[in-house]
Amino acid sequence: GRRVVHCHGVFDLLHLGHIRHLESARRHGDILVVTLTPDHWVNKGPHRPAFPHDYRAEALASLQCVDFVALNRWPTAVETIRLLRPDCFVKGGEFRDLQDVTGAVALEEEAVRSVGGEIVFTEDDVVFSSSSLINRYMPQVSREAAEFLNRFAERHDVAELQRYLDGARALKVLVVGEAIVDEYHYCQTLGKSGKEPILAVRHMTSEKFAGGNLAVANHVAGFCDRVGLLTYLGLDNTQEEFIRGKLSPRIEPTFLYQSDAPTIVKERFIENYPFQKMFEVYQMKENPDDLDTPERFHAALIDMVPRHDLVIVTDYGHGMIDDAAVDILCDKAKYLAINTQVNAANLGFNTVSKYPRADYVCVSEHEIRLEARQRRQELHDIVRRVAKRMGCQRMMVTRGQQGVLCYAPDEGFITAPALTGHFTDRVGAGDAVFGITSLCGVQKAPAEVMGLIGNAVGALAVTVVGNRSPVERTPLLRTLLSLFK
């Protein structure tokens, strides 16, 4: 018979604003239940939460006005509201219009109404933000990154960044390139074999991901309503059922099939603890440059490329994209985004020079230096020369922990420092950056905006093992929002 009040949040840095909010909420009923977002659901960037959920829960439980504290099992409070059935769900006054970047508040309000409760908003003249306090007094980014963000905020805001991400929804995007299945084999090192000078390991577990252009398409599908996919699968061990199961429902795949070849698989053998890659094995056609019936691929390009606003080419140099395909792409794409990658299988022969034209190019510093055959020449000179030759409107060079270098002929060079120095796995991070920044490039976003979004995407991607999960719109928006508080 008592009236239950429910509050929910991250409560990363407990401050006076939180305390007054909770005290005000307690006055709306007899029992105050507070649920908080666990660490793995906190979407405020790779550097958050600043405090683990055990500490955050203990801090909340120490407040006299709080009766019960629980870790939420879901990303939002919607399921918890339906389970708890509170009489009153209390939010801060800043959510009075039921609007936030995730849309969660409106869903929470709907859930409260469905169980017969009401939603109440607190008001107080003391307003703090955990993100603002952490950014100011406990900075999670480097000094260079903080200075860049301060300068950026003088010219742009989060609303502008959101407009470019939201503007991608209506784009018709085609992703072209090699499909790759990434297999991770986790092992425990035993040591040198007793009879031969080889490393012996004990296999523990395995998992596999949709990589290559499949991963890029999944990243893009998190922001677009419609994504086309054109790729090859091998008829020997096609892995088609697995691949289809891993693709976003927003992707419309077109698979062509290569006889006498498997679908490309890249196996990585990893020391389980610490997470350390030992070696990798490629499963692919012995001569990948020898495609059978390439005419089917060329015909598909001629049909599909002109029907899309943006064509994203992920060229891993495994033989799919030949000279004739390059000509079709360069001639018929309305907006052409190119990424060519250097890896062990293409021996450094796969550089952007194979494409006479591109609207946007995204490559690593190593790859563009290999293109120019220059190890030490000033990077700006190389970028300027390559962009001019290809008629590039935008170029991004990824530089690992140094962030990205962006170039546009009408804007010049922008250096955007990395937003994190910690990573779990770098595999697939460059693909995520390329795919999502391409969506900004086709909308003519400023190079500075593309640099920041690219770094935010990269910071999220390196926290994920391989291509286990794509970068999604909501975590990216919340990361950007937290950076500017």
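Biologist: How many aromatic pairs does the structure hold?
Modeller: It holds 10, counting rings of Phe, Tyr and Trp (its six-membered ring) with centres within 6.5 Å. Mind you, this is a predicted model, where local features need pLDDT of at least 70 and side-chain atom pairs 80 or more, while totals for chains, interfaces and linings use all residues. Residues are numbered from 1 along each chain as its sequence is written, and side-chain values use heavy atoms, leaving out hydrogens and water.

Biologist: Why is the pair of Tyr232 and Phe297 called edge-to-face?
Modeller: Their ring centres are 5.9 Å apart and the planes sit at 65 degrees, so edge-to-face it is (over 60 degrees; under 30 is stacked, the rest tilted). Tyr232 is in strand 9 and Phe297 in helix 10, so the pair ties together parts 65 residues apart in sequence (DSSP runs numbered from the N terminus: helices H or I, at least four residues; strands E, at least two).

Biologist: And what makes Phe269 and Phe279 stacked?
Modeller: Their planes are at 15 degrees, with centres 4.8 Å apart, so they count as stacked.

Biologist: Why does Phe279 count as partly exposed?
Modeller: Its relative accessibility is 44%, so it falls in that class (between buried, under 20%, and exposed, over 50%; 1.4 Å probe, protein chains only). Tyr232 and Phe297, by contrast, are both buried.

Biologist: How do you know that the span of helix 15 agrees with what it should be?
Modeller: At 1.5 Å a residue, its 15 residues should span 21 Å (1.5 Å times one less than the number of residues). The end C-alpha atoms are 21 Å apart, so that agrees. Helix 15 is also mostly covered, with 15 of its 15 residues buried.
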